[in-house]
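Subject: Structure handover

Hi,

Here is the structure I promised to pass on. Please open it first, then read my notes below with it on screen.

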Amino acid sequence: MSKVKFELNRKGVAALMKSENMQSVLQGHATRIKNRSGSGYEQDIHVGRNRANARVWASSEKAVRETYENNKLLKSVK
């Protein structure tokens, strides 16, 4: 058996996590979740210090109530 040494390229991983490709993947996931949730939800993507982040949130009063009472966003993730 041979010993394999693996060294993680941290700068490369950081660049990958912030890349346009990663942002488009996140955009796709956020759009699907938003569409499953119905009206009254919004989405956003921003690049943080370590990675790109996507979020979906309830923006209308009705959507906030649905999310609070029925876990609408959580169910839309599945």
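**What I found**

Start at Leu-74, which is found in helix H4, residues 72-77. Bear in mind throughout that this is a predicted model. Leu-74 counts as exposed, because its relative accessibility is 54%. Its C-alpha atom is separated by 9.1 Å from that of Ile-33. Along the chain, Leu-74 and Ile-33 are 41 residues apart.

Now look at Ser-76, which also lies in helix H4. Is Ser-76 buried or exposed? Ser-76 counts as buried, because its relative accessibility is 5% and the cut-off for buried is under 20%. Its side chain makes a polar contact with the side chain of Ser-37, at 2.9 Å. Leaving aside neighbours within four places in sequence, Ser-76 is in contact with Ile-33, Arg-36 and Ser-37.

**Overall layout**

The protein has 4 helices and 2 strands. Along the sequence, the pattern reads α-α-β-β-α-α. The C-alpha atoms fill a box of roughly 60 × 30 × 15 Å, taken along the principal axes. The radius of gyration is 18 Å, whereas a compact globule of 78 residues would have one near 12 Å. Buried residues make up 17% of the 78 residues. Take the contacts between residues at least 6 apart in sequence: 41% of them join residues at least 24 apart.

**The strands**

Strand E1 covers residues 41-47 and strand E2 covers residues 52-58. E1 and E2 pair in the antiparallel sense, over 7 bridges. A hairpin of 4 residues joins E1 to E2.

Keep one general point in mind when you inspect the strands. In a regular strand, side chains alternate between the two faces of the sheet.

Gln-27 lies in helix H2. Gln-27 is partly exposed, because its relative accessible area is 34%, which falls between the 20% and 50% cut-offs. Which residues does Gln-27 contact, leaving aside its neighbours within four places in sequence? They are Gln-43 and Ile-45. Gln-27 and Ile-45 are 18 residues apart in sequence. In space they are 7.0 Å apart, C-alpha to C-alpha.

Ala-30 has contacts to look at too. With neighbours within four places in sequence left aside, Ala-30 is in contact with Gln-43, Ala-54 and Val-56.

**The nonpolar core**

Which residues form the largest nonpolar core? There are 7: Ala-30, Ile-33, Tyr-41, Val-56, Ala-58, Ala-63 and Leu-73. Helix H2, residues 20-37, supplies at least two residues of this core, and so does E2. Ile-33 belongs to this core, and Ile-33 is also one of the contacts of Ser-76.

**Salt bridges**

How many salt bridges are there? The count comes to 2.

In one of them, the side chains of Arg-55 and Asp-44 meet at 4.0 Å, N to O. This pair links distant parts of the chain: Arg-55 is in strand E2, Asp-44 is in strand E1, and they are 11 residues apart. Arg-55 counts as partly exposed, because its relative accessibility is 45%. Asp-44 also counts as partly exposed, because its value is 32%.

In the other, the side chains of Glu-61 and Arg-65 meet at 3.7 Å, N to O. Why are Glu-61 and Arg-65 separated by about one helical turn? Because they are 4 residues apart in helix H3, residues 61-70. Glu-61 counts as exposed, because its relative accessibility is 64%. Arg-65 counts as partly exposed, because its value is 41%.

Side chains of opposite charge can pair when their charged atoms come close.

Best wishes

Methods:
Residues are numbered from 1 along each chain as its sequence is written. This is a predicted model: local features need pLDDT of at least 70, side-chain atom pairs count only at pLDDT 80 or more; totals for chains, interfaces and linings use all residues. Side-chain values use heavy atoms; hydrogens and water are left out. Buried means under 20% relative accessible area, exposed over 50%, partly exposed in between (1.4 Å probe, protein chains only). Two strands pair if DSSP finds at least two bridges between them. A polar contact is a pair of N or O atoms within 3.5 Å; within protein, one must be able to donate a hydrogen and the other to accept it, and residues adjacent in sequence count only if both atoms are side-chain atoms. Contact means heavy atoms within 4.5 Å. A nonpolar core is a set of buried Ala, Val, Leu, Ile, Met, Phe, Trp, Tyr and Cys residues joined through side-chain atoms within 4.5 Å. The radius of gyration is taken over C-alpha atoms; the globule rule is 2.2 Å times the number of residues to the power 0.38.
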